[in-house]
Amino acid sequence: MPSRAAEQPRYVGARITRLEDPRLITGQARYIDDLALPGMMHVRLVRSELAHAKIVSVDTSALQDVFSHALVFTGADTGSLGIRAVADLPGVQSFTQPLLAQGRVRFVGEAIAAVLTDDPYAAEDAAERVFVDYEPLPVLADVEAATATDAPRLFDAWRNNLFVEQTRKGGDIDAARSQARHIVRRTYRNQRQAGVPMECRGVIATLDSTGRILSVWSSTQIPHLLRTYLAEELKWPENQVQVIAPEVGGGFGVKGHVFGEEVLAAWLAIRTRRPVKWIEDRREHLIASIHAREHIHTLEAYVSAEGKVLGLKADITADVGAYSVWPFTAGSDPGMVAKVMPGPYDLAAYEATYRAVATNKCPLGTYRGVGRPAAVFSQERLMDEIAIELDIDPFELRERNLIQKFPYKNVLGYTYDEGSYAQSMKKVRELLAPDIARARNPERPEIRTGVGIALFLEQTAHGTPDFIRRRSPIETGYESAKVEMHPDGKVTVDTGVQCHGQGHETTFAQLVADQLGIAPQDVIVRHGNTVTSPYSVGTWGSRGITLGGGAAHRAAGILRGKLIAIAAQHLQTKPETIELADHHARIAGDASRAIPISSLARWAQRNVENLPAGMEPGLVAISFVDGPPDGSYTNAVHAAVVDIDMTTGGIKLTRFVVVEDCGTIVNPMIVDGQVRGGVVQGIGSALWEHFIYDKDGQPLTTNFADYLMPNAPSLPDIEVHHIETPSAVTPLGMKGLGEGGAIGPAAAIANAISNALGVAIQETPITPNRVWDLIKSKQSSQPQAT
Amino acid sequence: MKAVTLTVNGVSKTLTVEPRRLLADVLRHDFGCYGVHFGCSHGACGCCTVHVNGEPRLSCLAFAAQCDGMDIVTIEGMAAGDTLHPLQQAFIAEHGLQCGYCTPGFIMALAPFIERADEPTDEEIRQAMSGNICRCTGYHSIVASVRRAIAARKEGADA
């Protein structure tokens, strides 16, 4: 463990407004589409209009007649280049997603040709003069079609249409089944949706005039991983590739992948020797970036007479679309469900089989929560169903199953660090007391009130062993930071943890300021640039503050040691007596004997004759921090209160409460913002957002009129309460929290609506139509009073 | 091609534009107002909101050629010198932004509202931003920002 700062922290824990805000609030931030290079060409992609088809021909002859300077490239040019994303697990089937289609397309939106002109309007016009002749093939529009015994193969060499099928288990599931008094079996489904950042994707690439240095700007969460992928795929020395993420307008996991368009732009820059720019439009984003979710889970719980869940069996299927994504691969979403389903409960036996089914849809990737929102929806719906079947209060049932002692080794062998599972549920129960009373005593017969909760864990900041087990190209889970104090005492932090709204420029500065006795305003945090920052695997997995921030804390700790050693010599005292605070090194309790930090910084670099004998000049330190092997577990309880209009099926979310524990909080304002933003995405998952495809694999939700993003009038305020249980296995006891908000809402809201209606919700999104059908089916199944 | 004269943040220019050229593109590339953002390009997210003759308008749905002679203000024109607009100050104080991409659109859409609203309900505040989508904040802190800005305006009026 690193040493804590000797003094009480001044800035860690403080509500400090963000240092990055001034440029963002005035329109001075520069996102990818705001950048331009002299002589730049604009790329427009010709995309497949069919979900599954052979490409007979791509006719570009009509293009040059009108656009004489246009360039066009097809799959014949890019050949075998593509996205290779294979997990090294037994039985895995793989296929490279080509940069441009190789004679066959497998989803609507797949790139077929790239047209380049010097103006983006002209590029769109030119792309319309490329004519593709298709020969339609049978469409695998869903899991049922793709797993039918006579289903055509999406990839000719495959045995079936499964990317991967695996089983994970622990304990004796047969014994659990035979000891059970009750077996509760349910099937749950959720829908296809995605992160949908407000800024679409985009990339600019150029080769320098010497033909050596390939520079790529991309709206990405993972600049270093993109650099490595480009170097490997394009066979370009990695020290001649630089990737810069400019201001990034949201990511939520979508931009945590390497995309074909990024590799294509780099390839085009090399091929044409011109700077090239590709900016995604919203329709492209909604049909051809990355989707998420779309699972079917069948759970079977083996329950004792007292309501103890003895064992859980799960069958998990995800419709993962047409290709495997890098670096998380096609099995990531269902595999995560299989891993996290045990959740906060003390399970002795567990067995989960998961499979990733290939279909003719947009590839499935990661989105905030990755599998957990789906897992928690099923698991927490099931807990309520068990409670109803056994006639036990849902809080009480959970209480009987919750893990109470830490550290806890779960049924799959993952070790949970300290948490506040029971305490946070107790707090939620107190907060909800008036709502529960109201639900029992409705004021108006046409309005039914329901209350629902969801408990969950968020595995965060997991270290390399967790990724080794997945055997996917992600490979590792460490983070890094470089901290440099300049001769005037000001500090620069360089980190590969790309920031796209999380406030790292503020929170990392808070961590560093506490170590060095300066103010956060004295620290500039630079990120997303492979030129300046040490290697990093990027921003995803709720790991930024714990590992990236942890690395900044540790690197600053090295500088702190050096500053103290210099000060101790000059004050002729022992290093232990020195404190760094208020921009000075001073003897604790003796304000008269102090040296400005800026003097120490100057001596270390400009007047090195002042340094203690043998000390190296300079004030730069780099730290790499790997996560704990099984990660650190943030816990939370989400609670929803709904009013259902029984005459229309209308759903009004009237209250949403979060009690969460992410260990040591660096900036409560930012934590609250992350939680609330995540919760609203989770509410979108529960109620509105849905990528709908028809039976021909045509996407029907291709704009924001059809794909329903949560908007302000449809939402309540989000109440957030904190419990702080510092982790024993991370720097400063910090746990990750970026994804948690999105994990619980679907389950909590489904439980609340089920509670209101007295009918089980088994599928999201929970639309008024679905509620109306449930109301009607319940009424028709009940005997009519005569 | 069509000649248009636009006044953007107090600067007038006469340009020759293709009739189909979007106002947002002209503001970005001819006036350097890169704070005007495209979020959807179909008028559903509000990211590109600017003021045209004092009223919030979607610059992705307007052609520059339609705006001849009009007075336009973008996010770049909201601060008075070094003093941020009260709404900009409130967004910082209440953490009303995260990635910042939608933020200029929210500021431009809500600036007239904070001038005229006196004691708005939460519902009225949320309705005032119903044409804008924010994916990061969940809107909670934007509602708080609007409240703070209205309070600041009233305090200023009292003083």
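Which residue in S5(B) is the bridge partner of Val52(B)? Select both strands to find out: the partner is Ile72(B). The strands concerned, S3 (residues 49-52) and S5 (residues 71-73) of chain B, run antiparallel and are joined by two bridges. Strands here are DSSP runs of E with at least two residues, helices are runs of H or I with at least four, and both are numbered from the N terminus.

The model is predicted: local features need pLDDT of at least 70 and side-chain atom pairs pLDDT 80 or more, whereas totals for chains, interfaces and linings use all residues. Residues are numbered from 1 along each chain as its sequence is written, with chains lettered from A and ligands numbered from 1 in the order in which they are written.

Next, select the whole sheet of chain B. Five strands form an open sheet in the order S2-S1-S5-S3-S4, with mixed pairing; two strands pair if DSSP finds at least two bridges between them. S2 (11-17) and S4 (55-58) of chain B each have a single partner strand, so one side of each is left without a neighbour in the sheet. From one strand to the next, the twist averages 40 degrees.

Contact requires C-beta atoms, placed from the backbone, within 7 Å.

Finally, display both chains. The contact takes 40 residues from chain B and 39 residues from chain A. On the chain B side, H2(B) gives the largest share, four residues.

Terms used
Two residues are in contact if their C-beta atoms, placed from the backbone, lie within 7 Å. Axes are lines fitted to C-alpha atoms, for helices over the stretch in contact, and angles run from 0 to 180 degrees between N-to-C directions.
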